[in-house]
Amino acid sequence: KRGVLLRRPAMEIAMKRRTFVTSTLGVGLFALLAHAPFAAAQQGPVRIGVPTPVQLQVGRDTQDAIQMAIDEVNARGGVLGRKLEMVVADETEKPEAGINAIKKLTAEDKVDVLIGGFTSGVTLAQLPHISRAKTIYLGVGAASPAITQRVAKDYDNYKYVFRVGPINAAHQARQLTTFISDYVIGELGIKDVAIVGENAKWVQDLVPILKKGATEAGVDVRFSELFDTQTSDFAPLFSKVRDSGAEFMVVILSHASSDVFAKQWHDARFPMPYGGVDVKSMDGDFCQRIDGKSVSEIAGNFAVRAPITPKTVPFFDEFQKRTSRMPVYTAFGAYDAVHIYAEAVEKAGTTDVDPVIKALEQTSYVGIPGLIEFDESHELKTGGKYPNLLFAQWQEDCKREVVFPKALRTAEPILPPWLQKK
């Protein structure tokens with residue numbers, strides 16, 4: 001009995017200790033769980049850095065679309081309990097300014113992700129600085145294939161770079177080739193064409209692929225020339241095109257003055273229609289601001305207000321409601337990029353770069369222009385259910401109608417008024 005009496009206090013002490021430890025763990029776990037939202041709040045917002053040319057519509061639309069997506073994500077509670085916020089830096093269209101924008105956003109503003117871009121030459125100059133900053137970059141404006149080729153060639157250093165939009169210049173060239181073979185040859189019956197474009201990196205990438213594809217499709221490329229982006233008098237170029245014997249002029253424009261080009265083409269009553277890739281013509285007010293002189297021009301668009309996906313028409317309507325203008329192509333990628341990044345962070349359970357990159361590589365997101373997925377070089381997949389080029393034509397009263405692909409046609413195509421048969 002004495003042994004039992006001696007052991008009982010020890011047993012009681014052990015039981016009290018277990019009770020104390022269990023209670024302490026319970027209280028600690030409760031405190032940790034209760035503290036979690038507070039801890040997330042203490043981390044501050046997730047910062048989205050936006051390098052973009054703020055004076056251009058592509059830049060304004062990038063910012064407005066990102067803010068629109070941020071508002072939607074924040075209305076749902078943010079990501080991992082943290083709100084999103086936007087920080088903007090003006091990259092202009094010059095490489096030096098673009099590099100400074102990246103340095104500011106990553107070194108000074110300490111952003112978690114970069115969403116933006118427009119000029120391929122600027123983006124290519126920024127890539128080494130994005131790599132050194134080890135910051136995820138979701139491109140929404142530049143089209144040169146060389147951007148994502150860096151990822152393929154040197155994954156460890158450039159794994160941070162993804163293209164959400166637009167489809168790259170090589171894919172644009174292939175889809176433009178289809179437009180030429182099926183519409184210019186197939187419907188207009190024209191085989192003699194001229195190819196003209198601005199002397200910019202993405203056009204230098206595009207034109208050789210386009211010429212090869214067009215030739216293989218049966219086109220006779222009678223003339224091809226790249227002109228300086230500062231050109232303001234297109235009369236000499238038009239004379240060369242006319243003298244070449246071409247009957248359709250394919251254009252590739254982004255930074256050059258599309259307004260001046262269209263006005264001078266119209267005022268000269270140039271004896272052939274034109275179309276291709278004309279980024280400024282994607283502006284919703286392009287036709288109106290040049291007094292209807294672009295009527296009959298056909299330009300590739302990455303999305304239009306049509307039921308491409310369940311999100312396309314609602315996005316266009318909400319954007320117009322907010323801004324009183326129709327969005328240009330950078331807006332589609334910018335809006336989708338915010339949602340794609342937010343989903344990746346939620347999936348990764350952190351904003352740490354490497355887990356988010358792995359989550360981004362698994363992206364399968366229904367966006368504005370189609371299903372968004374990335375290949376092994378973080379390039380946007382294209383064709384079929386993925387984003388495509390839609391060719392829209394400015395028609396009477398500056399209405400924009402899809403004329404190609406034929407399956408998505410919203411109106412019959414027209415010729416320039418002075419070429420129409422009476």
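**Pockets, cavities, disulfide and cores**

Strand 14 supplies the largest share of the lining of the largest pocket, four residues. The model is a predicted one.

Q: Which elements each supply at least two residues of the lining of the largest pocket?
A: They are helix 13, strand 13 (390–395) and strand 14 (399–404).

Q: What is the volume of the largest pocket, and which residues are the closest to its centre?
A: The volume is about 340 Å³. The lining has 22 residues, and Val304, Arg305, Met326, Lys399 and Arg400 are the closest to the centre.

Q: How do the residues of the lining of the largest pocket divide into nonpolar, polar and charged?
A: There are 14 nonpolar, four polar and four charged residues. Lys and Arg count as charged, whereas Val and Met count as nonpolar.

Q: What lines the second largest pocket?
A: Its lining has 16 residues, and nearest the centre lie Pro307, Ile308, Thr309, Leu390 and Leu408. About 220 Å³ of space lies in this pocket. By class the lining has 10 nonpolar, five polar and one charged residues.

Q: What makes a space a cavity and not a pocket?
A: In a cavity a 1.4 Å probe fits but cannot get out, whereas a pocket is an open set. The structure holds four cavities of 30 Å³ or more.

Q: Which residues lie nearest the centre of the largest cavity?
A: Val164, Gly165, Pro166, Phe302 and Pro369 do, out of 14 lining residues. Helix 13 gives the most to this lining, with four residues. The classes are 11 nonpolar, two polar and one charged.

Q: Which residues lie nearest the centre of the second largest cavity?
A: They are Gly141, Ala143, Trp202, Ser254 and Tyr329, and the lining has 14 residues. Nine of the lining residues are nonpolar and five are polar, with no charged residues.

Q: Why is the pair Cys287 and Cys398 called a disulfide?
A: The cut-off is 2.5 Å between the sulfur atoms, and the S to S distance here is 2.1 Å, so the pair counts as a disulfide. The structure holds one disulfide.

Q: Why is the disulfide of Cys287 and Cys398 called left-handed?
A: The torsion about the S-S bond is about -70 degrees, so the disulfide is left-handed. Cys287 is in helix 11 (residues 286–289) and Cys398 is in the loop between strand 13 and strand 14, 111 residues apart, so the pair links distant parts of the chain.

Q: Are Cys287 and Cys398 buried or exposed?
A: Both are buried, which means under 20% relative accessible area.

Q: Which residues touch the most other members of the largest nonpolar core?
A: Leu138, Phe179, Ile252 and Phe315 do, in a core of 98 residues. Helix 13 (residues 329–348) supplies the largest share, 12 residues. A second, separate core of 25 residues includes Phe234, Leu253, Phe261 and Ala262.

Q: What does Phe179 touch, not counting residues up to four places away in sequence?
A: Phe179 touches Val184, Phe248, Ile298, Phe391 and Phe404. Contact requires heavy atoms within 4.5 Å.

Technical notes:
Residues are numbered from 1 along each chain as its sequence is written. This is a predicted model: local features need pLDDT of at least 70, side-chain atom pairs count only at pLDDT 80 or more; totals for chains, interfaces and linings use all residues. Side-chain values use heavy atoms; hydrogens and water are left out. A nonpolar core is a set of buried Ala, Val, Leu, Ile, Met, Phe, Trp, Tyr and Cys residues joined through side-chain atoms within 4.5 Å. Buried means under 20% relative accessible area, exposed over 50%, partly exposed in between (1.4 Å probe, protein chains only). On a 1 Å grid over the protein atoms alone, a cavity is a set of points where a 1.4 Å probe fits but cannot get out, and a pocket is an open set with protein on both sides within 12 Å along at least five of seven lines; lining residues have an atom within 4 Å of a point. Grid points are joined across faces, edges and corners, and a volume is the space filled by probe spheres set on the points.
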